[in-house]
Amino acid sequence: MAEAPTKGGETGLSARITAILGNLGKKGVAAIAEMGLGAVLFGQSVFWIFVGHRRGQPVRLKAAFDRCMEMGIQALPIVTMMSVTIGIMLAIQGIYALRVFGAEEQVTVGLGLSVVREFGPLITGILVSGRTGSSLAARIGTMRISQEIDALEVMGINPVRFIVAPALIAMFLMVPLLAFWADIVMLAGAGWYVSVDLGISFSAFVQRLSETITVNDIMHGLSKAGLFSILITLVGVINGAGVSGGAEGVGRMTTRSVVLSISAIIVTDMVFAFVTTR
Amino acid sequence: MNHPLDAAPAYQRPDLTGAPPVIEIKNLVTHYGSRKILHGINLEVREGEVMVIMGGSGSGKSTLLNTLLGLLRPTSGDIRLLGQHLWEISDVERSQLRQKMGVAFQGGALFSSLSVLENIILPLREHTKLDLNTMLIMARLKMQVVNLAGFENLMPSELSGGMIKRAAFARAIVMDPKVLFCDEPSAGLDPIVASAIDDLILSLRDAMGMSIVVVTHELESAFRIADRICVLDKGHILMIGTVDEVRASDNERIQNLLNRRTEEEILDPDEYLKRLTAVNE
């Protein structure tokens, strides 16, 4: 007991450092494990989509169709509303910035490229994360708590095939379509503002756009949207599957799923742009 | 002899000694992380038998059930279900084996997005190529068996606790399983509904010849339905025997369980102090 203070001080510091490092390591390992789980889930979903019917356990197209309605069609109003708003906002800022050089007319170039390559897919991705990613996490989390996942398992119905694969199909189809719709609506909103503010006719705006945007630019945006759709689904499913501890757990993991999938989208967006544009 | 409870004829238990086993568990050891839950379980369930696995909370009975259902991989030991080694067969074989077993979960585990009928029909739809009409007839038949006819189109959220249990039973037996597992069938039900569920379990065994494994902590229900009872305590089997044998047991822990006596934990004073001050070594 007599030497406790000095010794305690030293070991206290080193213990704290080890604890911090240990914690960091644990978090790192957990993050890597989660990514691995995502890869496994993706692999299994693809497996069931292509091989399921040979095993007598096909992925139900009706389930995928239902998810398409829920995740795609029902998201149209909010995507449309946000896209028009953002289109107008971009036009306002674009004109303001270019006025410095007296080059307001050039706003179409900036608008066209930024919307099709970035804003359309990104805004769609963020909206879908908030809407569908969270609902996936909450739904799977609740199913886990109420033992519905266990019930599927003991009925010999693979949960990945039954729940994840249809969601993945639906998202992969619907998110790029939504992004394409967002592109169109956003540009229409921007075009409306530009034509009012600068006195350019709407058809002239469209004409300028068609000279600026190439199919490549649109594909760049839409392939990102496809990538986002997979990310959002996997992040939602993993977080839902990781739920423990009742209603509070569902809430926590739902929040986590939204935060993680939006972060994942933004980082992927940057990396994708870096890799394909340089 | 004039006690009202004696008036009804006692339920005649069939003689099952010598019936072949449908479940054989040998030296089963299970861990959760580093915590050892089951310490070498040996148990046999015979064909057509109602085996009740009884124990208090934390006795390991849910873990044992999850291991039997193939939801939790054991550390060591062997489980044979209908002659197949549950943990040594391939996923495809396990999925086929699972079509021969039914499970009624504690909370029902009905899919909340599907109606009662859709829930019950789901195993048929996923595993058979029957046409829809045949499946509907089979599902309705099973709903009749569990006394739930007429509630086909309700959603699970619209059902009462007892009805959820019945629907779960109907879904569990829709594929005519050889073995039926029930997790706490009478938990959360009032005594009358609970006893109706007990009747249902017995009638399923008698009418369909299923072997039934029931996990429960309810003594009354256990004594009523069991052919044999397996008493679990802290991951060990205290005894396996008929209702009368369990009642007559002079094992102190079993008597405590039967008489609902709580056990005083004997603690070493040092240990107690450590626990109070939460000092970890």
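In strand 4 (residues 76-81) of chain B, B:Asp78 is the bridge partner of B:Lys26, and B:Ile79 is the bridge partner of B:Ile25. Strands here are DSSP runs of E with at least two residues, helices are runs of H or I with at least four, and both are numbered from the N terminus. The model is a predicted one, in which local features need pLDDT of at least 70 and side-chain atom pairs count only at pLDDT 80 or more, while totals for chains, interfaces and linings use all residues. Residues are numbered from 1 along each chain as its sequence is written, and chains are lettered from A and ligands numbered from 1 in the order in which they are written.

The pairing of strand 1 with strand 4 of chain B is antiparallel and spans 5 bridges; two strands are taken to pair if DSSP finds at least two bridges between them. Strand 1 (residues 21-32) is also joined to strand 2 (residues 35-46) of chain B, by 9 bridges and again in the antiparallel sense. Along this second pairing, B:Ile23 is placed opposite B:Val45. The hairpin formed by strand 1 and strand 2 of chain B has 2 residues between the strands, and B:Gly33 adopts a positive phi near 60° there. Together these pairings belong to an open sheet of 4 strands in chain B, with the order 2-1-4-5 and antiparallel pairing. Strand 2 and strand 5 (84-85) each have a single partner strand and stand at the edges, so one side of each lacks a neighbour in the sheet. Helix 2 (residues 61-68) of chain B lies across strand 1, strand 2 and strand 4, at about 65° to strand 2. The angle is taken between N-to-C directions on a scale from 0 to 180 degrees, using axes fitted to C-alpha atoms, for helices over the stretch in contact.

Strand 6 (residues 101-104) pairs with strand 7 over 4 bridges, with B:Cys182 as the bridge partner of B:Ala104. Strand 7 is in turn joined to strand 8 (residues 211-216) by 5 bridges in the parallel sense, and here B:Asp183 has B:Val215 as its bridge partner. Strand 7 (residues 179-183) is largely enclosed by the rest of the structure, because 5 of its 5 residues are buried. A residue counts as buried if 20 or more other C-beta atoms lie within 10 Å of its own, as exposed if there are 12 or fewer, and as partly exposed in between, with C-beta atoms placed from the backbone. In a regular strand the side chains alternate between the two faces of the sheet. In strand 7 of chain B, B:Val179, B:Phe181 and B:Asp183 are buried on one side, and B:Leu180 and B:Cys182 are buried on the other.

Residues up to four places away in sequence aside, B:Phe181 touches B:Leu65, B:Leu68, B:Leu69, B:Met101, B:Val103 and B:Val213. A contact of this kind requires C-beta atoms, placed from the backbone, to lie within 7 Å.

Another buried residue is B:Leu124, which has 20 C-beta neighbours inside 10 Å and is found in helix 4 (residues 116-127) of chain B. Beyond four places in sequence, its contacts include B:Leu130, B:Met135 and B:Val174. B:Ala139 is 15 residues from B:Leu124 in sequence, with a C-alpha to C-alpha distance of 8.7 Å.

Most residues other than glycine have a negative phi. B:Glu184, not a glycine, has a positive phi of about 45°. This residue is placed in the loop between strand 7 and helix 7 (191-208) of chain B, and B:Glu184 counts as buried with 21 C-beta neighbours inside 10 Å. B:Lys234 likewise has a positive phi, near 50°, and lies in the loop between strand 9 (228-233) and strand 10 (236-241) of chain B. B:Lys234 is partly exposed, with 14 other C-beta atoms within 10 Å.

For chain B as a whole, the model contains 11 helices and 10 strands. Buried residues make up 39% of its 281 residues.

Conventions. Contact = placed C-beta atoms within 7 Å.
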